[in-house]
Amino acid sequence: MQSAPDSIRDIFYNHTGNLIHKWDHYFDIYEKYFSKYRGQKINILEIGISHGGSLQLWKKYFGAHVHIYAIDINPDCKKLQEENTTIFIGSQSDKDFLGHVASQLPELDFVIDDGGHTMDQQLVSFEMLYMKVKEGGLYIVEDTHTSYWDEFHGGLRNPGSFIEKSKDLVDSIYDHHVVDKSKIRIDEITRHINCISFYDSIVVFEKELRKQPFHKQIGRKTITPYEPVELKKKTLLDSIKGIFKKEEAHPFSLNDGGIEEIK
């Protein structure tokens, strides 16, 4: 009987190659999202190479069919390039450089941003590289605790931090339900964010084009509907505003798929 393959945590703790630096609780998150890729032919991008230990970790975990593309600002990292590894040297906050890298990349199964961890680096990389991820893929930003550290240009509830910008994108996922859409971001990137998961020091974006939501009613009516009194009522000021501004249809009505009533 064939034994189960080693977990990524086991591979890490038995590692004897190049230096790797990881928080232990990351391995549970990796296993949750990465296990389905083991043994598959995949393309991944890692931002941040350092000593190259993580490149070895991914190869041991995913197997012989993974091609790793990697970015680092340190020219010395180029010597770590080997079979099934392509290394680009440059700054992850340089839009021109990232544009060039994106033009050289195939569709990616996932991206791991383990680079410099400053707000500008994380935000620019996300904007430039998110759409290189294939439908159903992942964009993962690590060490997002730096969003709470001043030296990385973060700080608790700093509106320019990666965490706060990511929180804003939660509103974008609800774009079909927002009345005043001018208050949220809606573009190609936001339309392709199906889910955002926040963990201690990691944010995971699941890339997939969201479908137009709709609600549907099917079946037989059995009761006299309750008329809710708890909902906010339109005020006189709302009515006056409506005279000067065309009232938009409520999102609930716009997303109504109708009723198939059984008599």
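Rings of Phe, Tyr and Trp, the last taken by its six-membered ring, count as a pair if their centres lie within 6.5 Å; planes over 60 degrees apart make the pair edge-to-face. Please bear in mind that this is a predicted model.

How many aromatic pairs does a search of the whole structure find? The search gives 23. One of them joins Tyr61 and Phe62, in an edge-to-face arrangement with 5.0 Å from centre to centre and 80° between the planes. Tyr61 and Phe62 are both buried.

Another pair is formed by Phe126 and Phe162. With ring centres 6.3 Å apart and planes at 75°, this pair is therefore edge-to-face. It links distant parts of the chain, for Phe126 belongs to helix α5 (residues 119–129) and Phe162 to helix α6 (residues 162–173), 36 residues apart. Phe126 is buried, as is Phe162.

I return to Tyr61 and Phe62, which belong to one aromatic cluster. Among the other members of that cluster are Phe12, Tyr13, Trp58 and Phe110.

Let me now turn to Ile196, which lies in strand β6 (residues 193–199). Is Ile196 buried or exposed? Its relative accessible area is 12%, so Ile196 is buried, the limit for that term being under 20%.

Which residues does Ile196 contact, leaving aside its neighbours within four places in sequence? They are Ser166, Leu169, Val170, Ile173, Val203, Val204 and Phe205. As for Leu231, 35 residues from Ile196 along the chain, the C-alpha atoms of the two are separated by 29 Å.

Key
Residues numbered from 1 in each chain as written. Predicted model: local features only at pLDDT ≥ 70, side-chain atom pairs only at ≥ 80, totals over all residues. Heavy atoms only, no water. Phe/Tyr/Trp six-rings, centres within 6.5 Å; stacked < 30°, edge-to-face > 60°. Buried < 20%, exposed > 50% of the residue type's maximum accessible area, 1.4 Å probe, protein only. Helix = DSSP H or I, 4+ residues; strand = E, 2+ residues; numbered from the N terminus. Contact = heavy atoms within 4.5 Å.
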